[in-house]
Amino acid sequence: VGYIETPRGLRTFKTVFAQHISDECKRRFYKNWYRCKKKAHMRTGQKWADEDGKKSIEADFDKMAKYCSHIRVLCHTQPKLFKLKEKKANIMEIQINGGEVADKVAFARSLLEKPNAR
């Protein structure tokens with residue numbers, strides 16, 4: 001997620017999701033998982049597979065590097081690894097600090113779809 005500074009505070013500029021989003025994370029976007037059609041973020045994966053989609057994702061990363069002042073990464077927990085009743089993932093936003101904005105975008109891009117235990 002890229003943020004720009006406005007006179008009223010931070011505003012989201014661009015958001016780029018990973019190609020594969022787990023069902024645990026998708027559960028967080030629905031109130032009733034068993035009754036829904038489970039269509040959240042289906043177009044995100046299609047965007048990564050399509051050639052025009054890849055170009056638009058590259059353009060989004062370039063715009064984030066050019067215009068954004070803050071870069072943050074959306075992460076979620078993996079409750080299936082624990083023997084708990086909960087199946088919905090907890091989602092958190094972690095800010096990336098240090099260096100130029102282009103370096104932050106490159107680092108955030110390298111973290112896509114990787115487990116992060118930091």
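The following is a working chat about one predicted model.

Colleague: What kind of model is this, and which residues count at which pLDDT?

Modeller: This is a predicted model, in which local features need pLDDT of at least 70 and side-chain atom pairs count only at pLDDT 80 or more, while totals for chains, interfaces and linings use all residues. Residues are numbered from 1 along each chain as its sequence is written, and side-chain values use heavy atoms, with hydrogens and water left out.

Colleague: How many helices and strands does the chain have?

Modeller: There are 4 helices and 4 strands. Helices (H or I, at least four residues) and strands (E, at least two) are DSSP runs, numbered from the N terminus. Along the sequence the pattern reads β-β-α-α-α-β-β-α. The C-alpha atoms fill a box of roughly 40 × 30 × 30 Å along the principal axes.

Colleague: In what order do the strands form the sheet?

Modeller: The 4 strands form an open sheet in the order S2-S1-S3-S4, with antiparallel pairing; two strands pair if DSSP finds at least two bridges between them. S2 and strand S4 (91-96) stand at the edges with a single partner strand each, so one side of each has no neighbour in the sheet. From one strand to the next, the twist averages 40°. Axes here are lines fitted to C-alpha atoms, for helices over the stretch in contact, and angles run from 0 to 180 degrees between N-to-C directions.

Colleague: How many bridges join S1 to S2?

Modeller: 5 bridges join these antiparallel strands. As one example, isoleucine 4 has arginine 11 in S2 as its bridge partner.

Colleague: And which strands does H4 touch?

Modeller: H4 packs on the sheet and touches S3 and S4, and its direction makes about 15° with that of S3. Contact means heavy atoms within 4.5 Å. As for H3, that helix lies across S1, S2 and S3 and runs at about 155° to S2.

Colleague: Let us stay with H3. What is its reach from first C-alpha to last?

Modeller: H3 (residues 51-67) has 17 residues and reaches 24 Å, close to the 24 Å expected at 1.5 Å a residue. The expected span is 1.5 Å times one less than the number of residues.

Colleague: Which residues of H3 are buried?

Modeller: Gly53, Ile57, Asp60, Phe61 and Met64 are buried. They cover an arc of only 95° around the axis, which puts them on the same side of H3; the arc is that of the directions from the helix axis to the C-beta atoms. Buried means under 20% relative accessible area, exposed over 50%, and partly exposed in between, with a 1.4 Å probe and protein chains only. In general, an α-helix has 3.6 residues a turn, so residues three or four places apart point the same way.

Colleague: What about the other side of H3?

Modeller: There, Glu51, Asp52, Lys55, Asp62 and Lys66 are exposed. The buried residues, for their part, pack against strand S1 (2-6), strand S2 (9-14), helix H2 (42-49), strand S3 (70-76) and helix H4 (101-110).

Colleague: Which residue caps the N-terminal end of H3?

Modeller: Aspartate 50 does, with a side-chain oxygen 3.1 Å from the backbone nitrogen of aspartate 52.

Colleague: Changing topic, where is lysine 88?

Modeller: Lysine 88 sits in the loop between S3 and S4 and is partly exposed, with a relative accessible area of 28%. Its C-alpha is 8.5 Å from that of aspartate 23, although the two are 65 residues apart in sequence. Leaving out residues up to four places away in sequence, lysine 88 touches Glu24, Arg27, Arg28, Tyr30, Lys31 and Pro79. The lysine 88 side chain also reaches the backbone oxygen of tyrosine 30 at 3.4 Å. A polar contact is a pair of N or O atoms within 3.5 Å; within protein, one must be able to donate a hydrogen and the other to accept it, and residues adjacent in sequence count only if both atoms are side-chain atoms.

Colleague: One last matter, the backbone. What is the phi of lysine 38?

Modeller: Lysine 38 has a positive phi of about 55° although it is not a glycine. Lysine 38 is in the loop between helix H1 (23-27) and H2. Glutamate 113, in the segment after H4, has a positive phi of about 60° and is not a glycine either. Most residues other than glycine have a negative phi.
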